[in-house]
Amino acid sequence: MDTNNEGFIFGLDIGTRSIVGTVGYRVGIDRFIVVAMESIEHTTRAVIDGQIHDIPTVARTISEIKKRLESRIQCDLHDVSIAAAGRVLKTKKVHAVLEFPTDTKVTEDQIRSLDMLGVEQAYEEIRKDTEEDEKKFYCVGYSAAKYYLNGYPMEMLTMHAARSIGVDLIATFLPDEVVDGLYEAVEEAGLHVASLTLEPIAAIQVAIPEKFRLLNIALVDVGAGTSDISIVKSGSIIAFGMIPLAGDEVTEMIAQNYLTDFETAEYVKRQCERRKTVSFKNIFGELIKVDKEEIDRVTADAITDITKHIANRIIELNGGKTVSAVFVVGGGGKHASFTEKLADFLQLPQNRVAIRGAEVLSDIRFEQPGIRKDSTLVTPIGICMNYYEQVSNFIHVTVNDQKVKLYDNGKATVLDACISSGFSQNNLFPIRGDELHYFVNDEERMVKGKTGEVAVVKKNGKEISLNEPALENDRIEIRPSTKGEDGHLTLGEIPESKEELTVEVFGKTVICPKLAEVNGLLETSVYEIQPLDKIKFFDYYSVSGVLEYAGIEMEEGENKVLLNGREAGIGAKVHDGDKIERKPKPLPKPEEKEEKEEPKDTLEEQMEKDPLLQPTKPLPDWMKEIPFDTAKLGADGKVIPGVMENRPVVDAVAPQSEAPAKAIVVKINGDKYTMPKKAKPIFVDVFDVFPFDMSKAGGTRLITRINGVDKDFTEPLNEGDEIDIYWEK
């Protein structure tokens, strides 16, 4: 960026009470030569608490200062460095973490990404805090206070292998209207903004050199409308803050006590800084003469109130504890007893709170005569010095045809431009898809999502990385990164689903996959697992399930099989290694011949055919008196003497007729069978109708039961008996 003619740097300190213009140049690293300096006080309240309210009036004042300085240096001024007051500054402290999927060697680009993650996080927090205001904020600076490697503090992250890196970062932002107001006033005066910084940063540039920043020091810039606070520690700026109390409170106290207008009271206040007595008139025209001690008494309460609020704010910004020392700059801090009271409230020795003026300007040379080195010059010169250190300014770029005003601190990148245009971290860096969590047999499992595609970024038509520098008028095009696919899995991809059951079915080997139930319902291998699904795998099938999987149909009327040699229904459980066989078919039942009823003979016909049925012939008369006893008759029909007497006497028992043969019905292994007709059937007769191979042992013991009770082969059978016969394994 070009400086003004002759290499001069032009800086403007646009304050609440006045505008100070400084022109100079740097020699070496630390020395600065002030060629010219002009200051003009506002005649109206054009600037209130550091924020421009009346842009045209401020622009006219700037134009007048520019004109005077150009007259002094005899060259035109085109570019100017400016600073924004802390009154409108928004500051956030954040802790950001960037994680890697595996151990990764840290690069500068990754550290940069971490810093941007912190800036984005700070920006989001500010947006939440100011959601109702609907304001747009620009990041005007950030400082990394501490870095972390895998959660542990680390001074330098580069080249270390890490699973995560972190940062404690402070980021500062300005609202859009503040930046626009400053730009409008400066451009209305015919100038171009070369750099923009913060008044607290500019003051630190001069008041606290790098070599002092290892100490815990607070810098307080007491102006007219605000008191800006910045704190350094361990080499970094760790906090910015502000209170809306400053020199104007002292001026108002004088005006109220002596009944003067504000300008007269301001005159009295300044005169008492260099003279012992001062004379002035009140609003009634009365001449009043007071000494410095009286003014100190009148303003004591205002000084107490200001220093108390400053001390409390310092302690708050410093983590709840006091600092080691305080440097005070600005006109408001020059009032008597200011540093003493501030030291008391901070519980510091008096010599630890001091005004920094001539002693910090030792490397500053003023070529313009009549300029006295004091604390009021620290911020104006710091604004000029900051141009060399940060070259911070706003540049204009377009991101996807959207115009973006980008704050440039000399390190602005395409990534900064994308974030300023509204792209979030999720749009710029690939995001892994959501994890899929599910349960297998009550054990929780997880599938990670896939990593998305990286963003495609082009600058002026050429594909580049996000860390490429962003320059004035660059045209940036970005195709946002994507989120990867969410974790997904089918049932068939779970390891348990690849386990199998081997079963012998009717002489064939059948290999069945494990059955799986999802949320109580059976599912196939192509089922897409949903979040928090509860999956249960079974190590068995039912007989019907195995037959269905094998494509085997049961014969009509067949509803039982032999499972490992035992009869089982189709709902029985089948495990790995089991054997299923068909139940033997029962032998066909013997056909019963239909007995035809032949016509019965008449009694006469029966008697003719059977002599026994013929009527007996009458006995001879001589036998009528003899008892009929064939045992006494001989072959000739004569009675054998003595037989009747010698025959033993026994009871006559009628001979019993043999039981008639009949066919009974029994159940054998659950099926009904009709036994052959037999007078007294026994267990062994079962084998006449039930096919059972006794020549080969099918197990360790042959089970023979009748009605559930073990019996042997000679046990009688009765109608309806339930018989079990099988080999026990």
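Modeller: The questions and answers below go through these topics in turn. This is a predicted model, in which local features need pLDDT of at least 70, side-chain atom pairs count only at pLDDT 80 or more, and totals for chains, interfaces and linings use all residues. Residues are numbered from 1 along each chain as its sequence is written, and side-chain values use heavy atoms, with hydrogens and water left out.

Colleague: Which strands stand at the edges of the six-stranded open sheet?

Modeller: Helices (H or I, at least four residues) and strands (E, at least two) are DSSP runs numbered from the N terminus, and two strands pair if DSSP finds at least two bridges between them. The order is 11-6-1-2-3-19, with mixed pairing. One side of each edge strand is left without a neighbour in the sheet, because each has a single partner strand; these are strand 11 (192-198) and strand 19 (364-366).

Colleague: In strand 6, which residue is the bridge partner of Leu-12?

Modeller: Strand 1 pairs with strand 6 (residues 79-84) in the parallel sense, over two bridges. Across from Leu-12, the bridge partner in strand 6 is Ile-82.

Colleague: What angle does the direction of helix 3 make with that of strand 6?

Modeller: Angles run from 0 to 180 degrees between N-to-C directions, and axes are lines fitted to C-alpha atoms, for helices over the stretch in contact. Contact means heavy atoms within 4.5 Å. Helix 3 (residues 176-188) packs on the sheet and touches strand 1, strand 6 and strand 11; with the direction of strand 6 its own makes about 150°.

Colleague: How are helix 5 and helix 6 placed, roughly parallel or roughly perpendicular to each other?

Modeller: Helix 5 (residues 247-258) packs against helix 6 with axes 8 Å apart and an angle of about 110°. Angles under 35 degrees count as roughly parallel, over 145 as roughly antiparallel, 65 to 115 as roughly perpendicular and the rest as oblique. Helix 5 and helix 6 are therefore roughly perpendicular.

Colleague: Which strand gives the most to the lining of the second largest pocket?

Modeller: This pocket holds about 1,000 Å³ of space and is lined by 43 residues, with Ser-18, Val-20, Arg-270, Gly-331 and Thr-376 nearest its centre. Elements that each supply at least two lining residues include helix 6 (262-271) and helix 9 (378-390). With four residues, the one that gives the most is strand 3.

Colleague: Which residue in strand 36 stands opposite Val-561?

Modeller: Strand 33 (residues 560-563) runs antiparallel to strand 34 (residues 566-569), joined by four bridges, and Val-561 has Ala-568 as its bridge partner there. Three bridges also join strand 33 to strand 36 (residues 579-582), again antiparallel. In strand 36, the residue opposite Val-561 is Arg-582.

How values were computed
On a 1 Å grid over the protein atoms alone, a cavity is a set of points where a 1.4 Å probe fits but cannot get out, and a pocket is an open set with protein on both sides within 12 Å along at least five of seven lines; lining residues have an atom within 4 Å of a point. Grid points are joined across faces, edges and corners, and a volume is the space filled by probe spheres set on the points.
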